[in-house]
Amino acid sequence: MKKITVLALVAAALAVSACNTISGVGRDVQAAGSAVTSGAEEAKN
């Protein structure tokens, strides 16, 4: 029973950290997209 509890806690910790990582990647991709858009607008004008 103790092993199951420990494994569940480890799995929960990994799931939470994965969500934070995915969120960070999403923000990075959004920032890169904004930079590309800005560059395209400047080149157009």
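The legends below describe close-up views of a predicted model. Residues are numbered from 1 along each chain as its sequence is written, and side-chain values use heavy atoms, without hydrogens and water. In this predicted model, local features need pLDDT of at least 70 and side-chain atom pairs pLDDT 80 or more, while totals for chains, interfaces and linings use all residues.

View 1. Helices are DSSP runs of H or I with at least four residues; strands are runs of E with at least two; both are numbered from the N terminus. The C-alpha atoms fill a box of roughly 65 × 5 × 5 Å along the principal axes. Of the 45 residues, 2% are buried (under 20% relative accessible area, 1.4 Å probe, protein chains only). The chain exposes about 4000 Å² (Shrake-Rupley method, 1.4 Å probe). Carbon and sulfur atoms supply 70% of that area.

**View 2. Ala 12 sits in helix α1, residues 2-44.** Its relative accessible area is 39%, so Ala 12 is partly exposed (between the buried limit of 20% and the exposed limit of 50%). Ser 38 lies 26 residues from Ala 12 along the chain. Their C-alpha atoms are separated by 39 Å.

**View 3. Val 6, Val 10 and Leu 14 form a nonpolar surface patch.** Patch residues have over 30% relative accessible area and no salt bridge, with nonpolar side chains joined within 5 Å. A salt bridge puts a side-chain nitrogen of Lys or Arg within 4 Å of a carboxyl oxygen of Asp or Glu. Together the three residues have about 270 Å² of accessible area.

**View 4. Leu 14 belongs to helix α1.** Leu 14 counts as exposed because its relative accessible area is 56% (exposed means over 50%).

Methods: Patch = residues over 30% accessible without salt bridge, like charges linked within 9 Å, V, L, I, M, F, W, Y side chains within 5 Å.
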